[in-house]
Amino acid sequence: MQSSAVIDKSPNASSTELVDAQAETPPEWTTFAAQRRRTLVFLLFAAVYIGIHLVSRWVENPLFHGDWFFFGGEDPMHTKSGDLLPPWYWPWSEPVRTKTGDLLPPWYWPWFEPEFAYRWFLTLLPLAVWVSILFFLLTRVSFLTHRRVAFTVVVLGLAFFEGNMRWFQMSNKHVSFNDIFVIFDVDASDDLGLTDTLKYEIAWQFGYHIGILALCAFLAGPEPRLCIQAIWNGPVGRTYVGAACRWTYRAVVQVPFEAAVFRVLSWLDSKAAFACIAVLMMIDPVVIWAFDTEKADNQGERSVTRQIAEANPLRFQSLDRAWDRVVFAYTPEAQELAAANKALRELDPLAIANDGPTLSVPRRKVPAQPDSVLILQAETLSMEIFNETLNDLPYLSKFSEKCLRLKRHFSVGNATHYGIMGLLHGSPVTFFTGPRGPREKHRNNPYLDHFKEQGYKTRLISRSVMSHHRLGHYLPNWTEPFSEPPGDFKVIPPIHEELAKPGPQLVYAFYHATHYPYDHDKEDRFQKYLPEVEYDFDYNRSGLFEWKDQIVNRYKNTLLNMDDWYRDILEKVDLSRTIVIITGDHGEEFFQQGRLGHCSSLNIHQTMTPCFVYIPGVDPADVTFITSHADIMPTIADALGHETKPKTLGQSLFEPVSFRYAVISHFEYTKCKLWSVATDDRMAVFERDYWDNVEITSLTDWKGRRQEYVADAEIWNDRFRIIRRVEDELRASRN
């Protein structure tokens with residue numbers, strides 16, 4: 001009798017076949033969907049980590065302290081005596097205090113005030129945008145959809161943003177391709193002031209970024225769960241602690257937490273999420289402009305919201321600039337600039353008015369034997385701080401009494417190589433096209449050739465100048481081999497030896513230690529201004545302005561040391577037959593407009609520098625008209641009685657003219673793009689395009705306040721004629 005049980009006639013699979021089938025089936029975590037999800041989770045973890053740095057370091061000052069720092073209030077984080085208040089008294093949101101300074105409870109904080117809330121939104125929005133962009137790009141191709149690739153991209157991006165913010169803390173602007181070229185130029189990167197201590201700090205910082213991002217990548221994968229399961233299945237799992245952990249885990253699993261997380265991740269991985277982020281990113285510049293306009297109407301200043309936006313390194317600044325251009329096109333200022341540029345094209349560049357008072361210095365009687373020339377230029381001489389310290393510089397203060405003291409003197413740029421080239425060429429740096437290869441044709445310095453024709457021997461004696469931004473390519477025609485001893489004070493004996501040789505000499509020397517980190521000897525007499533920052537102080541830190549007084553003190557102490565250099569040189573020079581020029585290569589800004597250093601603005605702090613001109617037989621005097629580095633070589637040639645000299649845009653101090661000006665250029669790694677013409681009370685800023693056409697971009701006074709053109713057209717036109725001359729020089733330099 002047949003059994004009622006159902007007989008299974010299907011072929012039975014062996015245990016070996018089952019194992020092989022399982023081996024051929026890939027684990028769930030290796031599927032594309034799982035890798036895509038883990039890539040998104042890693043990017044979210046990384047965004048949280050970077051967001052902590054963004055809020056606590058990169059935009060900390062404008063976000064937490066903007067209302068008092070930018071708009072003249074008192075620092076709410078310190079007492080009047082300068083002591084730091086405990087963190088629970090810090091103004092984590094502004095305004096959170098009463099008029100008497102008492103801290104308000106959190107429920108009184110302006111959480112629903114639009115601008116206050118939007119400050120946090122605009123700070124964190126770029127993080128969401130970058131996560132979206134990276135996720136979109138990495139998941140287009142399967143082999144890029146992995147945590148390893150995302151980890152590499154995030155680490156490289158974080159390294160760039162860290163370097164960017166170190167530059168921003170000093171220059172108040174984000175790094176550009178021009179600045180990146182400088183970093184990788186061995187001869188120029190020394191200007192960044194990277195001490196060994198700072199390099200160690202950067203390496204350590206980079207190391208912990210890698211470690212924490214690696215932990216984020218680990219937590220985003222299946223490894224944590226597998227590790228926990230392995231621990232529970234081991235000896236630990238059989239202990240009371242292990243049992244408690246398993247019980248807790250099972251209780252948590254009962255909560256639909258994981259399902260909720262997956263629903264959130266699914267929405268973030270949707271077109272709707274990308275569309276929302278894209279719309280918010282496009283609207284953001286408009287909202288910031290609206291807050292900025294309201295603040296400008298009330299206080300004539302940019303809003304804190306704008307300050308936060310400009311400080312944020314993750315933000316797409318190009319969108320802000322694009323919207324600003326759209327708005328600007330419909331403003332009265334745009335109409336003014338349009339009229340100015342139209343007039344620029346119609347003016348005769350040679351028809352400068354000459355009907356004002358003569359601005360010149362009385363000529364001397366030309367000596368029978370030509371004087372030697374000694375040009376002593378120092379790195380980074382701030383006009384303002386130098387004048388404050390002059391009474392404490394015993395030698396220079398006394399020597400200046402014998403000189404023409406140029407009170408309104410400009411360099412030809414805000415960078416060292418511009419200041420050197422402009423002075424020695426007697427011209428703005430219209431000829432500069434960037435570092436050149438060894439096979440490229442170089443333009444000789446016209447004044448070095450001129451002095452050679454006049455029987456002079458010319459020589460550079462200075463510590464490491466010719467390699468700086470390939471300066472040697474633009475100063476190749478010294479008659480004598482240049483000498484570069486390893487140290488500022490080691491150049492002094494060779495200078496004396498050179499000036500002692502028969503015949504007229506032209507000697508150039510450069511003092512370096514006044515560049516940051518502002519080096520000076522450790523003698524007590526060079527520590528008059530205290531407290532000061534240490535030599536290895538990090539000038540790229542957040543909140544650098546809080547150290548302003550200590551930084552300025554260190555700079556002043558460096559000037560005391562520099563005074564010895566000038567004394568040791570000039571005390572052994574025969575001043576009865578030597579023309580001496582003492583000046584800087586450019587100025588230095590000490591937070592007057594929020595920056596430290598140079599190469600970041602054409603304002604007067606970065607471009608004006610002291611200048612003393614000593615000429616035997618010329619009475620000392622204060623020269624109050626505008627002068628420029630470009631005027632120095634023409635002045636020397638006139639003082640020596642040279643009947644002809646190279647034709648440049650420089651003007652001799654002895655030349656009887658009624659219109660004085662200075663042409664200044666902004667630092668670029670290659671040829672200069674941004675320029676200005678400074679006159680007695682105004683500055684006309686203009687840009688140069690690829691074809692060397694120029695366009696006026698702003699008309700201001702010396703403090704950067706905008707000026708009208710139409711109402712003062714006649715006053716501006718002479719400035720515009722100089723711009724046309726610069727344009728002609730730029731076009732001529734193309735060949």
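This is a guided tour of a predicted model, stop by stop.

**Before you start**

Residues are numbered from 1 along each chain as its sequence is written. In this predicted model, local features need pLDDT of at least 70, side-chain atom pairs count only at pLDDT 80 or more, and totals for chains, interfaces and linings use all residues, while side-chain values use heavy atoms, with hydrogens and water left out.

**Whole chain**

Select the protein chain. It holds 24 helices and 13 strands. Helices here are DSSP runs of H or I with at least four residues, strands are runs of E with at least two, and both are numbered from the N terminus. Of the 735 residues, 51% count as buried. Buried means under 20% relative accessible area, exposed means over 50%, and partly exposed lies in between (1.4 Å probe, protein chains only).

Show the surface next. The chain exposes about 36,300 Å², and carbon and sulfur atoms supply 59% of that area. These areas come from the Shrake-Rupley method with a 1.4 Å probe; for residues, only the protein chains shown count as cover.

Now consider contacts, defined as heavy atoms within 4.5 Å. Among those between residues at least 6 apart in sequence, 72% join residues at least 24 apart.

**The four-strand sheet**

Select β10 to β13. They form an open sheet of 4 strands in the order β10-β11-β12-β13, with antiparallel pairing. Two strands pair if DSSP finds at least two bridges between them. The edge strands are β10 (662-665) and β13, each pairing on one side only. From one strand to the next, the twist averages 25 degrees.

Strand β11 (residues 674-678) runs antiparallel to β12 (residues 682-688), and 5 bridges join them. Pick L674: E687 in β12 stands opposite.

Axes are lines fitted to C-alpha atoms, for helices over the stretch in contact, and angles run from 0 to 180 degrees between N-to-C directions.

Select T697. It sits in β13 (residues 694-701). T697 counts as partly exposed because its relative accessibility is 28%. Leaving out residues up to four places away in sequence, T697 touches L337, V685, F686 and E687.

**Where α15 meets α24**

The crossing is right-handed. A crossing is right-handed if the near helix is turned clockwise from the far one by less than a right angle, and left-handed if anticlockwise.

Show side chains at the contact. From α15 come A340, A343, L344 and R345; from α24 come N717, F720, I723, R724 and E727. By class, the contact has 5 nonpolar, 1 polar and 3 charged residues. Ala, Val, Leu, Ile, Met, Phe, Trp, Tyr, Cys and Pro count as nonpolar, Asp, Glu, Lys and Arg as charged, and the others, Gly among them, as polar.

Most residues other than glycine have a negative phi, and most peptide bonds are trans. The next picks depart from that pattern.

Go to P517, in the loop between β4 (505-511) and α21 (548-570). A cis peptide bond joins Y516 and P517, with omega about 20 degrees. Step to Y518, in the loop between β4 and α21. Its phi is near 55 degrees, a positive value in a residue other than glycine. Y518 is classed as buried because its relative accessible area is 0%.

Move to P531, also in the loop between β4 and α21. The peptide bond from L530 to P531 is cis, with omega near 0 degrees.

**T380**

Jump to the loop between β1 (372-378) and α16 (383-389), where T380 is found. Phi of T380 is positive, near 55 degrees. With a relative accessibility of 0%, T380 counts as buried.

**Last stop: P656**

Select P656, in the loop between α23 (632-639) and β10. P656 is exposed, at 56% relative accessible area. Its contacts, not counting residues up to four places away in sequence, are T358 and S360.
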